[in-house]
Amino acid sequence: KNPDDPECLQNDGEIITTVRLTVRDSITDTTVGVFEWKDADGDGAGAPTIDQINLSANTTYKVGLQVLNEIASPAEDITLEIQQEANDHQFFYHEHNVGITIAYDDLDTNSPQLPVGIRTLWRTGAAGTGNVHITLKHQPGIKDGNANTGDTDVDVEFVTVVQ
């Protein structure tokens, strides 16, 4: 596998085929949507399918992230491994041209504690369309909260509409 491929999780040779975001209203705690980036053939020739994220303006959401290898049978939830190795992993979120503030809602056990990014809070502003970019970095022994440190395990982008 090419270590620069976004679908390739280099830790223990895992393959990431799916990044799933479950979005819940922060007040009612009801699910308002499940959005996926999915590359069903892993490093194969097929292009990934990517759901568009649709959110309401001026609203706060709880967002849970799940990472899967659905080539494995049964499908493997890689999120569990990332949680177990939280001191060496961090998801980084960047919004582009859409008014969303994203805050981490989980921490590792490093000293000082650093975000993991499996759980986040998203606060939308005014209506608009842009992208949310999510990168998982593997930073064994060097985790520093910097998106430029370590190896990229997955790198995905969702078109995001706030209405």
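Are Tyr 93 and Trp 122 buried or exposed? Both are buried (buried means under 20% relative accessible area, exposed over 50%, and partly exposed in between, with a 1.4 Å probe and protein chains only).

1. Basis of the note. This is a predicted model, in which local features need pLDDT of at least 70 and side-chain atom pairs count only at pLDDT 80 or more, while totals for chains, interfaces and linings use all residues. Residues are numbered from 1 along each chain as its sequence is written, and side-chain values use heavy atoms, with hydrogens and water left out.

2. Strands 1 and 2. Strand 1 (residues 18–25) and strand 2 (residues 31–38) run antiparallel and are joined by seven bridges. Strands are DSSP runs (E, at least two residues), numbered from the N terminus, and two strands pair if DSSP finds at least two bridges between them. Leu 21 has Phe 35 of strand 2 as its bridge partner. The hairpin of strand 1 and strand 2 has five residues between the strands, and Asp 29 there takes a positive phi near 60°.

3. Strands 2 and 3. Strand 2 is also joined to strand 3 (residues 49–50), by two bridges, and these strands run antiparallel. Here Trp 37 has Ile 50 of strand 3 as its bridge partner.

4. Aromatic pairs. The structure holds two aromatic pairs. Rings of Phe, Tyr and Trp (its six-membered ring) pair if their centres lie within 6.5 Å; planes under 30 degrees apart count as stacked, over 60 as edge-to-face and the rest as tilted. The rings of Tyr 93 and Tyr 104 have centres 6.2 Å apart and planes at 70°, so this pair is edge-to-face. Tyr 93 lies in strand 7 (residues 89–96) and Tyr 104 in strand 8 (residues 100–104), so the pair ties together parts that are 11 residues apart in sequence. Tyr 93 counts as buried because its relative accessibility is 11%, whereas Tyr 104, at 31%, counts as partly exposed.

5. The aromatic cluster. Tyr 93 also forms an edge-to-face pair with Trp 122, at 6.3 Å centre to centre and 75° between the planes. Trp 122 lies in strand 9 (residues 119–124) and Tyr 93 in strand 7, so this pair ties together parts that are 29 residues apart in sequence. Tyr 93, Tyr 104 and Trp 122 form one aromatic cluster.

6. Salt bridges of Glu 70. A search of the whole structure finds seven salt bridges (a side-chain nitrogen of Lys or Arg within 4 Å of a carboxyl oxygen of Asp or Glu). One of them joins the side chains of Glu 70 and Arg 20 (3.9 Å, N to O). Glu 70 lies in the loop between strand 5 (60–69) and strand 6 (76–77) and Arg 20 in strand 1, so the pair ties together parts that are 50 residues apart in sequence. Glu 70 also forms a salt bridge with Lys 38, with the closest N and O atoms 3.0 Å apart. Lys 38 lies in strand 2 and Glu 70 in the loop between strand 5 and strand 6, so this pair ties together parts that are 32 residues apart in sequence. Arg 20, Glu 36, Lys 38 and Glu 70 are linked in a network of salt bridges.

7. Asp 29 again. The side chains of Asp 29 and Lys 62 meet in a salt bridge (3.3 Å, N to O). The two residues are 33 apart, with Asp 29 in the loop between strand 1 and strand 2 and Lys 62 in strand 5.

Methods
Helix = DSSP H or I, 4+ residues; strand = E, 2+ residues; numbered from the N terminus.
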